[in-house]
Amino acid sequence: MTPAGRLLRELAMVERTQAASLFTELGSTGDAAVIRFPGGEVTLQLDGTRGQIVQSLRKRGATVRAPFEGEPDTIPGDPGRHEVWCELLDDLGSSSRHLCHLDPRLTGLEVSRGETTAWILVGNGLRTMVYEVKLDGGEMTAAAAVDIAGAFGEGG
């Protein structure tokens with residue numbers, strides 16, 4: 001797992017305990033990430049922990065529940081948008097090392113979400129691509145980074 005991938009997993013564990021989706025955009029700045037939420041943004045080091053994420057958000061005035069501890073053991077049978085978003089963040093984090101499967105320079109640049117869709121911006125220094133994930137289709141993602149790398153390799 002890459003350092004950015006580990007942070008995505010930590011963010012997913014914070015997001016899982018929220019009543020509604022908190023994070024709206026996650027962008028990489030090299031050795032740190034900028035996290036946007038309604039009402040503000042925070043910059044986190046890639047080695048940030050769940051506790052540090054919550055503390056940073058609270059300092060910026062966000063109402064945040066305590067993060068999920070441990071690993072989730074079940075996936076809802078009929079997931080809503082929030083559950084799909086959480087799983088997407090977790091999946092992207094877990095499979096982040098596979099992003100460069102077809103192109104060693106391919107890296108994730110940004111993940112953002114709207115009401116019913118999430119967008120993953122990736123690039124290799126020569127071109128970028130936006131990969132779209134429907135949040136309201138009732139299906140969880142699996143190995144999204146592999147799918148993204150494949151789409152990028154096909155000229156997506």
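**Figure 1. Ala 143 sits in the loop between strand S6 (128-134) and H4.** The model shown here and in the other views is predicted. The phi angle of Ala 143 is near 55°, a positive value in a residue other than glycine. With a relative accessibility of 34%, Ala 143 counts as partly exposed, because that class covers values between the 20% limit for buried and the 50% limit for exposed.

**Figure 2. Helix H4 is mostly covered.** Of the ten residues of H4, seven are buried. They are Ala 144, Ala 145, Ile 148, Ala 149, Gly 150, Ala 151 and Phe 152. The packing partners of these buried residues are helix H3 (81-94), S5 and S6. Just after H4 comes Gly 155, which takes a positive phi of about 95°.

**Figure 3. Arg 9 is a buried residue of helix H1.** The relative accessible area of Arg 9 is 16%, and Arg 9 is classed as buried because the limit is under 20%. Neighbours within four places in sequence left aside, Arg 9 is in contact with Met 1, Glu 71, Leu 89, Asp 90, Gly 93 and Ser 94. Between Arg 9 and Glu 41 there are 18 Å in space, C-alpha to C-alpha, and the two are 32 residues apart in sequence.

**Figure 4. Glu 10 also belongs to helix H1.** Glu 10 has a relative accessible area of 13% and is therefore buried. Which residues are in contact with Glu 10, leaving aside its neighbours within four places in sequence? They are Gly 48, Thr 49, Arg 50 and Ile 53.

**Figure 5. The largest pocket has a volume of about 440 Å³.** The pocket is lined by 28 residues, and the closest to its centre are Ala 4, Gly 5, Leu 8, Gly 108 and Leu 109. Two or more lining residues come from each of helix H1 (3-15), strand S1 (25-28), strand S2 (32-37), strand S4 (107-113), strand S5 (117-123) and helix H4 (144-153). Sorted by class, the lining holds 18 nonpolar, eight polar and two charged residues. Such empty space is found by rolling a probe the size of a water molecule over the atoms.

**Figure 6. The whole chain, for orientation, contains four helices and six strands.** Read from the N terminus, the order of elements is α-β-β-β-α-α-β-β-β-α. The C-alpha atoms fill a box of roughly 40 × 35 × 25 Å along the principal axes. The radius of gyration is 15 Å, which agrees with the value near 15 Å for a compact globule of 156 residues. Buried residues account for 44% of the 156 residues.

Methods
Residues are numbered from 1 along each chain as its sequence is written. This is a predicted model: local features need pLDDT of at least 70, side-chain atom pairs count only at pLDDT 80 or more; totals for chains, interfaces and linings use all residues. Side-chain values use heavy atoms; hydrogens and water are left out. On a 1 Å grid over the protein atoms alone, a cavity is a set of points where a 1.4 Å probe fits but cannot get out, and a pocket is an open set with protein on both sides within 12 Å along at least five of seven lines; lining residues have an atom within 4 Å of a point. Grid points are joined across faces, edges and corners, and a volume is the space filled by probe spheres set on the points. Ala, Val, Leu, Ile, Met, Phe, Trp, Tyr, Cys and Pro count as nonpolar, Asp, Glu, Lys and Arg as charged, and the others, Gly among them, as polar. The radius of gyration is taken over C-alpha atoms; the globule rule is 2.2 Å times the number of residues to the power 0.38. Buried means under 20% relative accessible area, exposed over 50%, partly exposed in between (1.4 Å probe, protein chains only). Contact means heavy atoms within 4.5 Å.
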